Amino acid sequence: DQVKRNGPVVSSVGSERMPSRELVEYTLTTPGVDIAIMGIGAISAESRDCQLIQNISAAQIGYGALSANDRRNIEKKAGRMGRDKNGLTNQFQQEEIGLTAVTNPQLKPTTVEGRGGIELTWDTAIAGDEPIQHYNVLRDGEKVATIPHVPQTTTDPFRHVDARTGGAASYVIETVDASGSIVTSGALNS
């Protein structure tokens, strides 16, 4: 496909092999995504050549409007495009690293109902091929909590307070994606 470039900006509206409409629809039907900010690389009086008009048109889709099969087909098409470009489909793309552990896990003592407790905080993990579903908190190898994953849109971390009683404990946070894959953080010891 020919791509028109204006410096680092791609100034075209998709291609026959990868229509931009499918990418916008895919993004806006992804669980947990309510708003998407799309790039505007090409403005034209011709609506078919105007990325702004095409993005607005494609954004008129309801949640769940694409079937799982539709979504997989778009993923496959986008994957083929990435392979054609050595895996990089845009200038600002991070290399694929797969599902990661949570970032910045921290533990600190706290008080819960007049007793000792532990507060765990962490920042989001990075998803791989499947979306993150939840985080498990383990104390000494036993699951004590499941925290649903939601997009972390502020600097406020995920949080869990464990109202345990006495003694030292070792905590681990598991990242679990939709396929059931799990990545574990390093141990935090109280």
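Axes are here lines fitted to C-alpha atoms, for helices over the stretch in contact, and the angles between them run from 0 to 180 degrees between N-to-C directions. In the predicted model considered here, helix H1 (residues 20–28) and helix H2 (residues 51–58) pack against each other at an angle of about 45°, their axes lying 9 Å apart. That angle makes H1 oblique to H2, and the crossing of H1 and H2 is right-handed. Arg21, Val24 and Glu25 on the side of H1 meet Asn55, Ser57 and Ala58 on the side of H2. Sorted by class, the residues in this contact comprise 2 nonpolar, 2 polar and 2 charged ones.

In H1, the buried residues are Ser20, Val24, Glu25 and Leu28. Around the axis these residues cover an arc of only 135°, which puts them on the same side of H1, and the buried residues of H1 pack against H2. In H2, burial is found for Gln51, Asn55 and Ala58. Because these buried residues fall within an arc of 70° when H2 is seen down its axis, they line one face of the helix. The C-alpha atoms of Gln54 and Val24 are 9.3 Å apart in space, and the two residues are separated by 30 residues in sequence.

For the chain as a whole, the secondary structure amounts to 3 helices and 10 strands. Read from the N terminus, the elements follow the order β-β-α-α-α-β-β-β-β-β-β-β-β. Of the 190 residues in the chain, 29% are buried. Among contacts between residues at least 6 apart in sequence, 56% join residues that are at least 24 apart.

Arg139 lies in strand E5 and is partly exposed, its relative accessible area being 26%. When residues up to four places away in sequence are not counted, Arg139 touches Val144, Asp162, Arg164, Ala169, Ser170 and Tyr171. Its C-alpha atom is separated by 6.7 Å from that of Val172, although Arg139 and Val172 are 33 residues apart along the chain. Val172 is also one of the residues in contact with Ser185.

Ser185 is placed in the loop between strand E9 (182–184) and strand E10 (188–189). With a relative accessibility of 8%, Ser185 counts as buried. Its contacts, leaving aside neighbours within four places in sequence, are with Ala101, Val102, Val172 and Ile173. For Ile173, which lies 12 residues from Ser185 along the chain, the separation of the C-alpha atoms is 5.4 Å.

Leaving aside neighbours within four places in sequence, Ala127 is in contact with Gly98, Leu99 and Ile132. Ala127 and Glu96 are 31 residues apart in sequence, and from C-alpha to C-alpha they are 9.7 Å apart in space.

The backbone angles of two further residues deserve a separate remark. Most residues other than glycine have a negative phi. Asn104, a residue other than glycine, has a positive phi, near 55°. Asn104 is placed in strand E3 (residues 103–112) and is partly exposed, with a relative accessible area of 43%. Asp140, although it is not a glycine, also has a positive phi, of about 50°. The position of Asp140 is in the loop between strand E5 (132–139) and strand E6 (142–148).

How values were computed: Residues are numbered from 1 along each chain as its sequence is written. This is a predicted model: local features need pLDDT of at least 70, side-chain atom pairs count only at pLDDT 80 or more; totals for chains, interfaces and linings use all residues. Side-chain values use heavy atoms; hydrogens and water are left out. Helices (H or I, at least four residues) and strands (E, at least two) are DSSP runs, numbered from the N terminus. Angles under 35 degrees count as roughly parallel, over 145 as roughly antiparallel, 65 to 115 as roughly perpendicular and the rest as oblique. A crossing is left-handed if the near helix is turned anticlockwise from the far one by less than a right angle, and right-handed if clockwise. Contact means heavy atoms within 4.5 Å. Ala, Val, Leu, Ile, Met, Phe, Trp, Tyr, Cys and Pro count as nonpolar, Asp, Glu, Lys and Arg as charged, and the others, Gly among them, as polar. Buried means under 20% relative accessible area, exposed over 50%, partly exposed in between (1.4 Å probe, protein chains only). The arc is that of the directions from the helix axis to the C-beta atoms.
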